[in-house]
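Student: Please show me the assembly, and then let us go through it chain by chain.

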Amino acid sequence: MLETFLFFLFAIVAVVGALGMLIARNPVSSALWMIMTLFSIACLYITLNAEFIGVIQVLVYAGAIMVLFLFVIMLLNLESMPSLGDLDWRKVVAFALGIAVLAQLLVVISLKLDVMPEPVAIAEAADATSATNIGIALLTEHSFSLEIIGVLLLAATVGAVMLAKKRFV
Amino acid sequence: MATLQAIWEFIDLPLVIFGMLNGFLITASLLVYAERKVSAYIQERNGPDRVGPVGLLQPFADVFKLIFKEDIVPTKATGFIHSLAPTLMVIIAMSTGAVIPWARTPSGEALAVADVGVSLLVVLAMTSISVYGVTLAGWSSNSKYSLLGGLRSSAQMISYELAMGAAAISVVVMAQSLNLFHIVENQNHAEFGILSWNIFRNPIGFIVFAVCALAETNRAPFDLPEAEQELVGGYHTEYSGMKFGMFFLAEYVNLWVAGIFISTMFLGGYLLPWEGLYSGWFLENGLGGLFTFLQVLCFLAKVAFIAFCFIWIRWTIPRFKYNQLMNLGWKYLLPISIANIMLIALIVVVFNQFGWA
Amino acid sequence: MYDFLLPDMGATAPILLVALIGVVLVVVDSFSNDSASIPWLSGAVLVAAITIELARVGVTDSAFMGHVMSGGFASFVNVVILLGALGSVILSVPYLSRTGHNFGEVHALILIATAGMMVLANAGSLITLFVGLETMSICLYVLTGLVRDNERANESALKYFLLGAFSTGFFLYGIALLYGATGTMMLSDMPAALVETGRTGFFAGGVALLLIGFFFKVSAVPFHMWTPDVYQGAPTTLAGFMSTASKTAAFAALILVLGRILPLDDVGLDTRHVLAIVAAITMVVGNVLALAQRNIKRMLAYSSIAHAGYILTGLAAGALGYAGALYYLLAYTVMNIGAFGVMSVLEWDGKQGAEQTIDSLAGIGSRKPLLGVAMGVFMFALSGFPPLAGFFGKYFVFAAAVDAGLTWLALIGVLASVVSAYYYLRVLVAFWMKKPEDAHVSVQSAAFDVPLFSKVVLVACVAALIALGIVPGFITEAAGAFFVTPEATALLP
């Protein structure tokens, strides 16, 4: 019961955040809306027993990436976008209803086709996403990919410096 | 009786949280007092001594003054975000306390509001998002001093977070857990006493971590975001009244939280010195509750000591220049802490190999 | 638990070596700026990797719990990629020095991109596939925009980056759907897992998205729009690198995916028709658009689109065509590296020579006979004249298509190659038969030497094209063996 309530709460907040990001006319407000979305997605992960992934989501996306976004937006001192103008509320309602019908149809069709993934037991899900198991998988099965990703990140850093620094003109 | 029990079960957690929040508030005001007193003695002054006995009520007087002052919002400020920023600072600073283990209960569990599995990451996540408060405050004030302060602080906090995270990883490698309670218990070896605290086992990590934690609190010598000589008041230049008070509050709560974090990670947290020698005696004589209480007191003493050191540092060491700050973070602390991870990992592997752990 | 790491590192030594030296180059360069030893170091590691891989072509192996292929097919593709990289590195040194962009970081990025390409081409699971793809792409985005004071280079880098990121999105969603449908990331486990779960719809969607990502990377029509702009804007030798090594890697990965997860007759999925149609459109559009180009680099870009079509023809033919496609990739690498190499020498200065059109190069052949002859060989090879390697490449893929019952596709391919002869030979006409006086910008003012290393590479390319053309058998036998022997087909497509 509580899980269902929390799921819908955070899902709605996430969607509202995403919409707000699109509608907001000020780049900084857009970024803040997006942070809200990222947060509620992290909460969704936690309600799904993926504690580690949820916290990492906050740490990486909200804590690092979006800060850099904000940083850049502030440094560039971007102008606000032109305002959306008068919304035709009939269109908005029509759009929302259309989406709702589409979603219902998709659910019905996917139930009929039996393509929805089956839910995993809570204990299994929590176990698969625990920090220990993720760490072991990364350093044994995926050790090669991990190393290559390290090289990839270095290359990306070097490339960013090359494209930005004066010496390379 | 049963009803009372039911009511208690319903309200115990909110009560604990309420108590803890008030504890943070009172601690913050005590820290303000301590800061003024310590700085006064360092500068051979007396400091506040008029309000209350030896000036103890001075911070409360300050708070009342701030509450009654007019709240001025600059004309071109972004209203909502201008109010959001200080609130965010305080909320984030205070919510960290939820996952800290304050002591070990007689039954051997963590005394914490929420003993989550990855509590270390929760704390790191909280500190990493506290940068929003500063950045948004700087931006929403629509003043160039504030903006510069906000930008400086976000650059600074992001830079030092890396080294701090790397230093924390070296502790995690030792404890093999992301849970703060396990990290503290990992420092509890009866035969070595306080020598098994991480400050002695992992001194490089401790130094890096302490420096980074200090930088994260934006205090001198890392107080570039609010360097008075250059930026007036930095990110809170345009704040007045209780909104300014909230920044002030958040700063001291952050100081306290940094102390809590450092002592949990490196100073054995709530562990009493050589507690393995006498903890059995307390438990046998049915005094487990007293022992837990002693642990809380010991924890608070450690945190208070670190807070005192931070104040001491603030009033003795001059501020860094911006390039020195960035050099220190990226060219020294980060490589050192990464090398330290490898060193610690090597030691752990060797110890495990020979069965010494 | 960790025992397998050391032997696995041995099995993937060439990839790890190239990546490691790439990292080392960054460090070396940060301590001694633009050290002269850097190109030597990167050339040496490429040669070493080629040697190791040549020794391993005979064995068939996999490493890291099946996430990476090693030996056999993987070694063959790696050799092709490494050869492309080696040629590009050698040609790049004089070219980039001339434009003042011979930074150590460039060589580091080339090496890391090469490592990424090898990971992509040796992928045993969707994870390694994606990691390799990203490593390759990110390095190539940066290399494209290397000449920052050139607006066209900036434009092409930005286009490449945006469209590339977009296609990566397709790729990733495809991977997600495939994983959702089968519950495994391993390519070899997928067919069985799919039969078990029966989520064919999901799977088909994933395959479609994955193919779109691949089509973008190999610049097949209709996902080819970026190619002309990028090849024209990028530094010439690096455009050669992109057009050969990255395409080889992407095609090899496509063969891996097609060969292992798509023989899905039992669930009623058949991608051969999709591939055949895309191949047909690609050949026609690439060749027809190339006719209209006067800028030679742009013409080469359209020709590379057309060649992607020929190779796709081989893939559409199924297992029969894979060996032919591998041979084609090798031949195509040699001739395209050569063609871009000649162009890099001809862009003798930063200004008037930066853009070479058919008119501006009139009569260059008689002034620089070596370049003229080499370009002649490359153009004949690209258009598919016997006995050069290009002819046999086309022969193998078209023959495979006919055998697989796709005669109409082979017919379109042959007609398209006939069209292509026009624009390839036009270059030769300009080189040898036009008078320099006709040119808008006279090449007579160009007193430039052909650097020794460029000469060596060009001569080697010419020799290789002739050798591959005269004795194509040993390559096709080696390549064919990957798809014939039972133990090979068990592990590989």
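Tutor: A residue is buried if 20 or more other C-beta atoms lie within 10 Å of its own, with C-beta atoms placed from the backbone. The model is predicted.

Student: What percentage of the residues in chain C is buried?

Tutor: Chain C has 493 residues. By the cut-off of 20 or more other C-beta atoms within 10 Å, the buried share of chain C is 60%.

Student: Why does the radius of gyration of chain C agree with a compact globule?

Tutor: The C-alpha atoms of chain C fill a box of roughly 70 × 55 × 40 Å along the principal axes. A compact globule of 493 residues would have a radius of gyration near 23 Å, so chain C agrees with its own value of 22 Å.

Student: How many helices does chain C have, and what share of its contacts with a separation of 6 or more joins residues 24 or more positions apart?

Tutor: Chain C holds two strands, and its helices number 21. Of the contacts in chain C with a separation of 6 or more, the share from residues 24 or more positions apart is 78%.

Student: Which element gives the most to the side of domain 1 of chain C that touches domain 2 of chain C?

Tutor: Chain C is divided into domain 1 (1–253) and domain 2 (271–493), and their C-alpha centres are 21 Å apart. The contact joins 38 residues of domain 1 of chain C to 44 residues of domain 2 of chain C. Elements giving two or more residues to the domain 1 side include strand S1 (60–63), helix H9 (200–217) and helix H11 (236–261) of chain C. The element that gives the most, with 13 residues, is H4(C).

Student: How are H4(C) and H11(C) oriented, roughly parallel or roughly antiparallel?

Tutor: The axes of H4(C) and H11(C) come within 9 Å and cross at roughly 170°. Angles over 145 degrees count as roughly antiparallel. H4(C) is therefore, relative to H11(C), roughly antiparallel.

Student: Which helix gives the most to the side of domain 1 of chain B that touches domain 2 of chain B?

Tutor: Chain B is divided into domain 1 (1–67) and domain 2 (69–354), with C-alpha centres 20 Å apart. The contact takes 18 residues from domain 1 of chain B and 19 residues from domain 2 of chain B. On the domain 1 side, helix H1 (2–42) and helix H2 (58–68) of chain B give two or more residues. The most, 14 residues, comes from H1(B).

Student: Which two chains have the most contacts between them?

Tutor: Chain B and chain C do not touch, and their nearest C-alpha atoms are 13 Å apart. Among the two pairs of chains that touch, the most contacts are between chains A and C.

Student: Which helix of chain A gives the most to the side that touches chain C?

Tutor: The contact takes 22 residues from chain A and 35 residues from chain C. The residues on the chain A side divide into 16 nonpolar, five polar and one charged. With 14 residues, the helix of chain A that gives the most is H7 (residues 143–164).

Terms used
Residues are numbered from 1 along each chain as its sequence is written. Chains are lettered from A and ligands numbered from 1 in the order in which they are written. This is a predicted model: local features need pLDDT of at least 70, side-chain atom pairs count only at pLDDT 80 or more; totals for chains, interfaces and linings use all residues. Two residues are in contact if their C-beta atoms, placed from the backbone, lie within 7 Å. Helices (H or I, at least four residues) and strands (E, at least two) are DSSP runs, numbered from the N terminus. Ala, Val, Leu, Ile, Met, Phe, Trp, Tyr, Cys and Pro count as nonpolar, Asp, Glu, Lys and Arg as charged, and the others, Gly among them, as polar. Domain bounds come from an automatic or database domain assignment. Axes are lines fitted to C-alpha atoms, for helices over the stretch in contact, and angles run from 0 to 180 degrees between N-to-C directions. Angles under 35 degrees count as roughly parallel, over 145 as roughly antiparallel, 65 to 115 as roughly perpendicular and the rest as oblique. The radius of gyration is taken over C-alpha atoms; the globule rule is 2.2 Å times the number of residues to the power 0.38. A residue is buried if 20 or more other C-beta atoms lie within 10 Å of its own, exposed if 12 or fewer, and partly exposed in between; C-beta atoms are placed from the backbone.
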